[in-house]
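Have a look at the model and then read on.

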Amino acid sequence: MKAITLLGATGSIGTSTLDVLSRHPEKFSLYAACAQRNVEKMLEIILKFKPKKVALSNEQAALVLKDKVLSLHLDVEILRGESGVIELAADPKADIVVGAIVGAAGLKPLLAAVKNGGTIALANKEALVMSGRLFFDEVRKYGARVLPVDSEHSAIFQSLPYAIQTNLGYCNLKEHKVDKILLTGSGGPFRNKKLEELCHVTAKQAVAHPVWSMGPKISVDSATMMNKGLEFIEARYLFNATDADIKVVIHPQSVIHSMVSYIDGAVMAQLGKPDMRTPIAVALGFPDRIHSGVGALDFASLGELTFKDPDYERYPCLKLAMQSSEKGQAATVALNAANEIAVAAFLEDRLRYLDISQVVSSVLDKTNICEYSSIDEILEADKVARELADSIIRSHE
Ligand code: NAD
Ligand code: MG
């Protein structure tokens, strides 16, 4: 029986993870779970999965939840605030910690979890984009293991040999005769819109992804393809790859979740329905395969699978992310922070769609390019970039 700590339990990935866990009560138990503020959903999780510990980062919401569990005489410890989330993530009783908090908020809890030397099933790509090498230094120092949950990275992982799968962050692609990592992306809901129509798109349209159903932030990131840019950076760190090792391919049907080509011309791909329960099950079960609730692909009904190169005029955020990757840590931290602030403003109708890339680009222009040697430096740079993005957005209003 494996004990699972689920960070970000009430979100899209959190809900899919709970669905997979519920199919294997003999294999997994939910030991601990955290979220930001959704009391009702967390109470449902407590009633169904009976975790020992729960944390809400919003203090007020945690107090409300605490009252509810007391009145229902439920045997669960309630922690609160950011420190409560970190304490829960650091609990060494977990065998696997699933990192499904959205954005930079996930970084400190993940680093706390790494210190236990257990397995981290990682969905929270922003944490890796921010801390990259330092994150994997900690993984090595504490003997932890990282397994990808992001569907593209899970596909790449599944297309690589076992020696690489068990050494993420430090593997040697060339030694294993890998020629290229082919990172696929659907192109999002606006891939066929005329460029001049993009200035009018709304948050509601952006959140309605044609293939995947996801949380609001990553849905907007998919429309701008910043998501693919963050995944490009994520892939670099997970697979110890150079920028030249990775190529982005637009594949609107999202049937192939990514590929690896080898020096002999062979290409290995992972295919499946666009349902995050598959990559979650791969990470939870590894190296075994477990049921995920996702059915098999029906090839006859798939129709055409199409591919093309990305158009950077349509997707300036993708270009900015790839350029940041080349510039290094300071640029990727600023990119991620500026994007989080810009996307939040877009979701609140305070910023136009096309201005997301403008805000990110302006923040990057003002960022001092250097390397960071500690997480504190990263968090400070993240704060500075957020303030800068915020002031740029305010000057637009
Ligand atoms: P979501 O918005 O649906 O859920 C986010 C979760 O994080 C919620 O449970 C929320 O309560 C929690 N949270 C937010 N701030 C928190 C804080 N300060 N402390 C504790 N908990 C906090 O997002 P999602 O779509 O599930 O995405 C989660 C992560 O997984 C993101 O990093 C995203 O990029 C990545 N991801 C998601 C998908 C997908 O299909 N949804 C696919 C690949 C990767
Ligand atoms: Mg993905």
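1. A word on terms before the site itself: helices here are DSSP runs of H or I with at least four residues, numbered from the N terminus. Keep in mind that this is a predicted model.

2. Which helices supply at least two residues each of the shell around ligand 1? They are α1 (12-22) and α6 (125-142). Of the 22 residues around the ligand, T10, S12, I13, Q36 and E126 come nearest.

3. Now the polar contacts. E126 puts a polar side-chain atom 2.6 Å from an oxygen atom of ligand 1, and T10 does likewise at 2.7 Å. As for cover, ligand 1 taken alone exposes 830 Å², and the protein buries 89% of that.

4. If you're sorting the shell by class, expect 11 nonpolar, eight polar and three charged residues.

5. Where does ligand 1 sit relative to the domains? Domain 1 (2-148) and domain 2 (151-327) both give residues to its shell, so the ligand lies between them.

6. One residue to look at separately is L72, in the loop that runs between α3 (59-71) and β4 (77-80). L72 and L47 are 25 residues apart in sequence, and their C-alpha atoms are 9.9 Å apart in space.

How values were computed
Residues are numbered from 1 along each chain as its sequence is written. Chains are lettered from A and ligands numbered from 1 in the order in which they are written. This is a predicted model: local features need pLDDT of at least 70, side-chain atom pairs count only at pLDDT 80 or more; totals for chains, interfaces and linings use all residues. Side-chain values use heavy atoms; hydrogens and water are left out. A residue is near a molecule or strand if one of its heavy atoms lies within 4 Å of it. A polar contact is a pair of N or O atoms within 3.5 Å; within protein, one must be able to donate a hydrogen and the other to accept it, and residues adjacent in sequence count only if both atoms are side-chain atoms. Accessible areas come from the Shrake-Rupley method with a 1.4 Å probe; for residues, only the protein chains shown count as cover. Ala, Val, Leu, Ile, Met, Phe, Trp, Tyr, Cys and Pro count as nonpolar, Asp, Glu, Lys and Arg as charged, and the others, Gly among them, as polar. Domain bounds come from an automatic or database domain assignment.
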